[in-house]
Amino acid sequence: QVQLVESGGGLVQPGGSLRLSCAASGSIFSIFAMGWYRQAPGKQRELVAGLTSGGSTNYADFVKGRFTISRDNAKNTVYLQMNSLKPEDTAVYYCNADLLPAYLGPRRDYWGQGTQVTVSS
């Protein structure tokens with residue numbers, strides 16, 4: 001079994017910061033990429049930031065310069081440092097991992113349960 005567990009969401013004022021964490025656990029053979037998506041009420045889920053095992057990153061235009069994705073490979077954990085938060089950043093943030101499980105199974109995407117981020121005064 002593979003699990004992704006997120007933490008770090010909450011309520012923050014505009015201009016504030018939050019740091020999200022996502023730890024992948026279970027029978028994992030290899031992680032190819034990890035990333036963060038978000039979904040606001042009434043909207044589709046969208047990519048926020050991604051990070052490959054080789055260290056390549058990509059960011060959505062709406063977070064460039066404000067958010068930073070990083071990873072601790074030894075802990076199979078990915079982080080999202082969010083600065084200069086805006087009310088429009090309010091959403092449920094989901095962790096994603098493209099990985100190959102250690103048991104007999106295909107390489108595929110896994111998702112966390114989501115963590116709420118609310119930016120409001």
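# Close-up views

View 1. Leu 100 is partly exposed, with a relative accessible area of 24%. Here buried means under 20% relative accessible area, exposed over 50% and partly exposed in between, with a 1.4 Å probe and protein chains only. The model is predicted: local features need pLDDT of at least 70, side-chain atom pairs count only at pLDDT 80 or more, and totals for chains, interfaces and linings use all residues. Residues are numbered from 1 along each chain as its sequence is written, and side-chain values use heavy atoms, with hydrogens and water left out. Leu 100 sits in strand E9; helices (H or I, at least four residues) and strands (E, at least two) are DSSP runs, numbered from the N terminus. Setting aside neighbours within four places in sequence, Leu 100 contacts Ile 28, Phe 29, Ser 30, Phe 32, Gly 105, Pro 106 and Arg 107. A contact means heavy atoms within 4.5 Å. Between Leu 100 and Cys 22 there are 17 Å, C-alpha to C-alpha, at a sequence separation of 78 residues.

**View 2. The whole protein, for orientation.** The protein has zero helices and 11 strands. From the N terminus, its elements run β-β-β-β-β-β-β-β-β-β-β. The radius of gyration is 14 Å, close to the 14 Å that the globule rule gives for 121 residues, so the protein is as compact as a globular protein of that length. This radius is taken over C-alpha atoms, and the globule rule is 2.2 Å times the number of residues to the power 0.38. Along the principal axes, the C-alpha atoms fill a box of roughly 50 × 25 × 25 Å. Of the 121 residues, 40% count as buried. Take the contacts between residues at least 6 apart in sequence: 55% join residues at least 24 apart. The accessible surface comes to about 6,400 Å², and 48% of it belongs to carbon and sulfur atoms. Areas come from the Shrake-Rupley method with a 1.4 Å probe; for residues, only the protein chains shown count as cover.

**View 3. The disulfide of Cys 22 and Cys 95.** The structure holds one disulfide, a term for a pair of cysteine sulfur atoms within 2.5 Å. Cys 22 and Cys 95 form it, with their sulfur atoms 2.0 Å apart. The S-S torsion is about -80°, so the disulfide is left-handed. Cys 22 lies in strand E3 (residues 18-26) and Cys 95 in strand E9, so the pair ties together parts that are 73 residues apart in sequence. Cys 22 is buried, at 0% relative accessible area. Cys 95 is buried too, at 0%.

**View 4. Arg 38 and its partners.** Arg 38 is found in strand E4 (residues 28-39). Arg 38 is buried, at 6% relative accessibility. A salt bridge links Arg 38 to Glu 46, with the closest N and O atoms 3.0 Å apart. The term means a side-chain nitrogen of Lys or Arg within 4 Å of a carboxyl oxygen of Asp or Glu. Glu 46 is partly exposed, at 32%. The Arg 38 side chain also makes a polar contact with the side chain of Tyr 93, at 3.0 Å. A polar contact is a pair of N or O atoms within 3.5 Å; within protein, one must be able to donate a hydrogen and the other to accept it, and residues adjacent in sequence count only if both atoms are side-chain atoms. Not counting residues up to four places away in sequence, Arg 38 touches residues including Gln 44, Val 48, Phe 62, Phe 67 and Asp 89.

**View 5. Arg 66 and Asp 89.** The side chains of Arg 66 and Asp 89 meet in a salt bridge, 2.7 Å from N to O. Arg 66 lies in the loop between strand E6 (57-59) and strand E7 (67-72), and Asp 89 in the loop between strand E8 (77-82) and strand E9 (91-101), so the pair ties together parts that are 23 residues apart in sequence. Both Arg 66 and Asp 89 are buried. Salt bridges with shared partners join Arg 38, Glu 46, Arg 66 and Asp 89 into one network.

**View 6. Asp 61 and Lys 64.** The structure holds five salt bridges. One of them joins the side chains of Asp 61 and Lys 64, at 3.2 Å from N to O. Asp 61 is exposed, and Lys 64 is exposed as well.

View 7. Phi of Asn 76 is near 50°, a positive value in a residue other than glycine. Asn 76 lies in the loop between E7 and E8 and is partly exposed, at 22%. Phi of Ser 84 is near 50°, again positive in a residue other than glycine. Ser 84 belongs to the loop between E8 and E9 and is partly exposed, at 41%.
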